[in-house]
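Subject: The two-chain model, over to you

Hi,

Here is the structure I promised to pass on. Have a look at it first, then read my notes below with the viewer open.

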Amino acid sequence: MSDYYGRPIIKEPVWTPEIPIYFFTGGLAGASAGLAFMAERTGNEVLARRAWIAALGGVAVSPALLISDLGVPTRFLNMLRMFKVTSPMSVGSWILSVSGVSTGLAAVNSLTGLFPVLGKASKPVAALFGLPLSTYTGALIANTSVPIWHNGRRTLPALFAAGAAASAGAAATVMTPVRHAAPARRLAIIGAASELVATNVMEEHLGGVAQPYHEGSSGTLTRVAKVLTAVGGMTIGAWGHRRRSAAVIGGGALLAGALTERFAVFRAGFESAKDPKFTVGPQRERIEAGRGRGASQRAAA
Amino acid sequence: MSYGADAKPQMGFFTDTSLCIGCKACEVACKEWNQVPESLQGFTGMSYDNTIDLGADTWRHVAFIEQNKPLQVGLDGDGGLATLQEGEHLRWLMASDVCKHCEHAACLDVCPTGALFRTEFDTVVVQQDICNGCGYCVPACPFGVLDKREEDGRVWKCTLCYDRLKDDKEPACAQACPTNSIQFGELGDLREHAAERLEQLTAAGQTDAQLYLHDKGDGIGGAHAFFLLLDEPEVYGLPPDPIDTTRDIGSIWASAGAAAVALGLGVAAAFLGGDR
């Protein structure tokens, strides 16, 4: 396969580490809002309060992370100039706005009793918008020319949803007394198992394009994330209902695993963009298999 | 976007690389007219190419490729290819690359602020007073054209000299090109002329000659800046089957929606079995 002095064809993203951290905090906030809402509905106030705190923390730092990544941070409000379904970043900005405001009101109401009417009305909104908040980021990176992201478009949102569930479950497991934390533990374990399955399905589906998930620094991050997630999930499953220390250790490992997984996906995108073989290879395969017509025409013979 | 009565003819570039002599007048003219900052990147050893690629500060980029390929046409032929050939066994390809101004433009589709827009000439331009440097267009572009300028945090690229077009002038690069390798005009005329040129070169024995991004049926709906190449696109650092990934946006949103629903079910399932 030929290339131009090994130079990349597409550009590496210009996004800074704030972005994968936001993928994590957004997911943590989104799924925590759902967890808090459900806990409140089932009368588990102890769990609900803590999950609202996690959700509030997540939505509080998320906009700060996103704004600090902008090239012109003072122009952050330009994100709300329009609503564009072709741009997951545009849709996501609106989701985060609704999620942020509703989660803020809901959490403050839950913790202080302020805003009795508005706070109560905000809770289902926060729970509902928390779901796409956890997954749109997968859609965002999938809608790029980065092969490992675009070819993973069917699994990336699911992977991020699983990471969000694991994060929210883990954070609540860490913060909540053991006897009130059963739903949080179950969410953590469901999330951890789903995250491991989603990662493997994605790698399987990507074929040769998945190489950055196996090699180099992004490969290391992927392996570390898997170990942390598996250990965290198993620790919570085996001992989380008996010992708070196990809940804290297991939850901490799961949180670290979910964060590391986002960094693995993020870094893999850079590696995928850097090497022209990942861009040209699948495109040539597409042309040869008749699934793409290619952009070149020779003269008719 | 429709301009109605204000719409202008679709304008574009046809870059005939068989005529390129690698003089880089296009790079210089572009820099001068558009006040593009310097982009010194050192000595690369990549033939005569120290510009390396397109980016925030390089809106035209002349690629140089030295090949050990036998000559396909006679030097005394009238194919206009003589300038490419130096000696018996060296084929020296040169090609001036530029933003493609795609019909289906990935950068424009993903831009959340509307900074990227389609002009009345059907070209794609960044409005610098709106861009907030979110960087989404950078990895979205299938050609790696856009990049962030570190000094001011915004994204910059070729405007197809929007200001000059408004004054009925041709873009700086096309005007400066001494061999007419860069041809500017109405898209329909350019496409017709390009097809004729391809026939001519092929008849002269240049069987590798190919039109790139000439056809509206390709993955970007055809480009407003298309090319005649003398080898496969990847040899020049161009993707062989570029697509605007937003064509998959339906399935992308479906996956995100399904994942969101699954997350909701997962959270609900965590409450089955009560608080023990």
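What radius of gyration would a compact globule with 301 residues have, and what does chain A have? A compact globule of that length would come out near 19 Å, and chain A has 21 Å, which agrees. Keep in mind as you read that this is a predicted model.

**Chain A**

Let's stay with chain A for a bit. Its secondary structure comes to 11 helices and 1 strand. If you walk along from the N terminus, you go through the helices and then reach the strand at the end of the list: α-α-α-α-α-α-α-α-α-α-α-β. Along the principal axes, the C-alpha atoms of chain A fill a box of roughly 80 × 45 × 30 Å. Of its 301 residues, 60% count as buried. Take the contacts in chain A with a separation of 6 or more: 75% of them are between residues 24 or more positions apart.

Start with α9 (residues 216–239) and α10 (residues 244–274) of chain A. Their axes come within 7 Å and cross at roughly 160°. An angle over 145 degrees counts as roughly antiparallel, and α9(A) and α10(A) are therefore roughly antiparallel to each other. Their crossing is left-handed. The residues of this contact divide into 16 nonpolar, 12 polar and 3 charged.

Next, look at α2 (residues 45–69) of chain A and α3(A). Here the axes come within 9 Å and cross at roughly 140°. α2(A) also passes α3(A) in a left-handed crossing. From α2(A), the residues in the contact include A:Trp52, A:Ile53, A:Leu56 and A:Val59. On the α3(A) side you'll find, among them, A:Gly100, A:Thr103, A:Gly104 and A:Ala107. The residues of the contact of α2(A) with α3(A) divide into 11 nonpolar, 6 polar and 1 charged.

**Where the chains touch**

How many residues does each chain put into the contact? Chain A gives 75 residues and chain B gives 73 residues. Several elements of chain A each supply at least two residues to the side that touches chain B, including α1 (18–41), α7 (182–206), α11 (276–288) and β1 (296–297). The one that gives the most is α4(A), with 8 residues. Sorted by type, the residues on this side of chain A come to 37 nonpolar, 25 polar and 13 charged.

**Chain B**

Now switch to chain B, which has 7 helices and 11 strands. Its C-alpha atoms fill a box of roughly 90 × 40 × 40 Å along the principal axes. Of the 276 residues of chain B, 53% count as buried. Among contacts in chain B with a separation of 6 or more, 64% are between residues 24 or more positions apart.

Just after α1(B), B:Gln35 takes a positive phi of about 50°.

B:Ala176 is found in helix α5 (residues 172–176) of chain B. Is B:Ala176 buried or exposed? The cut-off for buried is 20 or more other C-beta atoms within 10 Å, and B:Ala176 counts as buried because it has 20 C-beta neighbours inside 10 Å. Leaving aside its neighbours within four places in sequence, B:Ala176 is in contact with B:Ala25, B:Cys26 and B:Ala29. By C-alpha atoms, B:Ala176 is 28 Å from B:Pro142, and the two are 34 residues apart in sequence.

For a contrast, click on B:Glu38, in the loop between α1 and β2 of chain B. B:Glu38 is exposed, with 7 other C-beta atoms within 10 Å. Its C-alpha atom is separated by 6.8 Å from that of B:Asp57, which is 19 residues away along the chain.

Notes:
Residues are numbered from 1 along each chain as its sequence is written. Chains are lettered from A and ligands numbered from 1 in the order in which they are written. This is a predicted model: local features need pLDDT of at least 70, side-chain atom pairs count only at pLDDT 80 or more; totals for chains, interfaces and linings use all residues. Helices (H or I, at least four residues) and strands (E, at least two) are DSSP runs, numbered from the N terminus. The radius of gyration is taken over C-alpha atoms; the globule rule is 2.2 Å times the number of residues to the power 0.38. A residue is buried if 20 or more other C-beta atoms lie within 10 Å of its own, exposed if 12 or fewer, and partly exposed in between; C-beta atoms are placed from the backbone. Two residues are in contact if their C-beta atoms, placed from the backbone, lie within 7 Å. Axes are lines fitted to C-alpha atoms, for helices over the stretch in contact, and angles run from 0 to 180 degrees between N-to-C directions. Angles under 35 degrees count as roughly parallel, over 145 as roughly antiparallel, 65 to 115 as roughly perpendicular and the rest as oblique. A crossing is left-handed if the near helix is turned anticlockwise from the far one by less than a right angle, and right-handed if clockwise. Ala, Val, Leu, Ile, Met, Phe, Trp, Tyr, Cys and Pro count as nonpolar, Asp, Glu, Lys and Arg as charged, and the others, Gly among them, as polar.
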